[in-house]
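Hello, and welcome to this one. Here are some notes to read alongside the structure, arranged as numbered points so that you can follow them one at a time.

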Amino acid sequence: MSKLTRWGLKKSPWAFHLNTGSCNNCDIEILDALTPKYDLERFGITLIGSPRHADVLLVTGTVTMQTMPRVLRVYEQVPKPCLVVAVGACACSCGIFDGSYHVIGPLDKIIPVDVYIPGCPPKPEGIIDGVVKGLAKL
Amino acid sequence: MSLANVLQIAFAVLVFPGFLFTTAIGLASSWIDRKVSARLQWRVGPPWYQPIADLLKLFGKETIVGEGSSRATFLSAPYVGFAAVVVVSAILWMASIRPESGFVGDLIVVLYLLYVPSLALIVGGSASGNPFGALGASREMKLMLAYEASFLIAVFTLIIKNGGIVSLGGMVAYQQAGGAMLTQGVSCVIAFVVALIYVPAKLAVGPFDIPEAECELIAGPYTEYSGTPLAMFKITKAMLLCLLPVLLITLFGVSAWSPWAILWYVLILVFIILLRNTNPRLRIDQALRFFWGPMLALSLVGIVLAAFGL
């Protein structure tokens, strides 16, 4: 990756939000992080609708039997280089759903994860901090 | 044609006032658009280099071609639209910088070349093999059918008023001799209003962002695009954001190459941004009804008034 691309990636990470069977708690916190109060556009972060435009994949929830093939497909649809962020206790470690009959496992069992943001749900500040730390890794 | 001539034309198309110059203004305008929108929502907004960072990132990303898409068409569509806009930028600026350099009918060439980016979007969206892309392309097609008629009638109004001058350079020279078109009668004011509404529709922003409606259609025709082709679409859009106000200034406000043109440009840009931020998206049938109803009637009133010399 050239220096210019890396700079561009750090200054303009477009986020795609993927729910893999979450209870909606983390999703609400992600939307909170995008409100004018936190104003993520200051750092070039915008929420986009198509995985083809994404640089950051925000995944919430445990991976269930239903969503496992979809998670894989969406991950393959994202053009690389990209950053995968596991948001919330469920995506990091299955949380309270660990051992349920429909749960396949935490997100890193399916696709490579760059950043783990624990919490049930994590605060918007925590999500921003996680994404920033992940971008610093690039 | 001598070598010096060829180099001169290449410079005009690629550097000044063509590709590089127009892109710089267009990217700056798109930043102003985002910054003002942010301020209207009590936010701070992105830094000035945001559009450049977006483009550099997109150029470095992987380009994915979907399985169901028609590869050659899908990948070439953004470049076709981009090439057409680059040619428009050279012709349009040159008409103001050196009015004698144009050719008869360059206005018609510019109007036709302005169709091409929309057509490229339609072709690219349809070739992507994505249902959202196809739906976005069909909406873009309907939007084009909606806004073009009233705008063309507005341009005819001007041609009737100036006694049949169909070259951009000639129109600039005519206005330099007799004052801005906008001050030459009621019919021209009506034509200007119609042309002003055409700009956001052509750019597909504001209440007319129907083709890429992000909350219904993901990103419309852009859905399957990634990496460099998406960046080409972004550049094309930024250049159009610069060129459509410039076209309006050339047609109605004497010349796009004068200190006054900056004021004109800012006013038109502010109009687009405010319209975008204060109006919800129209449905495609509402847009079609709006352009084929009130706008067409208004432009017809304008052309009739022009025929009576008002």
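1. Let's begin with the largest pocket: its lining is made up of 25 nonpolar, 9 polar and 13 charged residues. Please keep in mind as you look that this is a predicted model. The volume of the largest pocket comes to about 1,800 Å³. Of its 47 lining residues, those closest to the centre are A:Glu41, A:Thr46, B:Arg34, B:Lys234 and B:Arg276. Chain A contributes strand 2 (46-47) to the elements that give two or more residues to this lining, and chain B contributes helix 2 (19-40), helix 3 (50-60), helix 10 (214-217), helix 11 and helix 12 (259-278).

2. The second largest pocket holds about 360 Å³ of space. You will find 17 residues along its lining, with A:Arg52, A:Arg73, A:Gln77, B:Asn130 and B:Glu224 nearest the centre. By class, this lining has 3 nonpolar, 10 polar and 4 charged residues.

3. Searching the whole structure turns up 3 cavities of 30 Å³ or more. The largest cavity has a volume of about 160 Å³, and among its 14 lining residues the closest to the centre are B:Pro117, B:Leu121, B:Tyr222, B:Lys237 and B:Leu240. Helix 6 (115-127), helix 9 (186-203) and helix 11 (227-252) of chain B are the elements that give two or more residues to the lining of this cavity. Its lining residues split into 8 nonpolar, 3 polar and 3 charged.

4. Which residues line the second largest cavity? They are A:Pro13, A:Ala15, A:Ile30, A:Ala33, A:Leu34, A:Leu40, A:Ile45, A:Val56, A:Leu58, A:Ile127, A:Ile128 and A:Val131. By class, that makes 12 nonpolar residues, with no polar and no charged ones. At least two lining residues come from each of helix 2 (25-33), strand 3 (56-60) and helix 5 (124-137) of chain A. Helix 5 of chain A gives the most, with 3 residues.

5. Finally, follow strand 5 (residues 83-87) of chain A, where 5 of 5 residues are buried. A:Leu83, A:Val85 and A:Val87 point one way from strand 5 of chain A, while A:Val84 and A:Ala86 point the other way. Strand 5 of chain A runs parallel to strand 3 of chain A, and 5 bridges join the two; here A:Val87 is the bridge partner of A:Thr60. Strand 5 of chain A also pairs with strand 7 (residues 115-117) of chain A, in the parallel sense and over 3 bridges. In that pairing, A:Val115 of strand 7 is the bridge partner of A:Val85.

Technical notes:
Residues are numbered from 1 along each chain as its sequence is written. Chains are lettered from A and ligands numbered from 1 in the order in which they are written. This is a predicted model: local features need pLDDT of at least 70, side-chain atom pairs count only at pLDDT 80 or more; totals for chains, interfaces and linings use all residues. Side-chain values use heavy atoms; hydrogens and water are left out. On a 1 Å grid over the protein atoms alone, a cavity is a set of points where a 1.4 Å probe fits but cannot get out, and a pocket is an open set with protein on both sides within 12 Å along at least five of seven lines; lining residues have an atom within 4 Å of a point. Grid points are joined across faces, edges and corners, and a volume is the space filled by probe spheres set on the points. Helices (H or I, at least four residues) and strands (E, at least two) are DSSP runs, numbered from the N terminus. Ala, Val, Leu, Ile, Met, Phe, Trp, Tyr, Cys and Pro count as nonpolar, Asp, Glu, Lys and Arg as charged, and the others, Gly among them, as polar. Buried means under 20% relative accessible area, exposed over 50%, partly exposed in between (1.4 Å probe, protein chains only). Two strands pair if DSSP finds at least two bridges between them.
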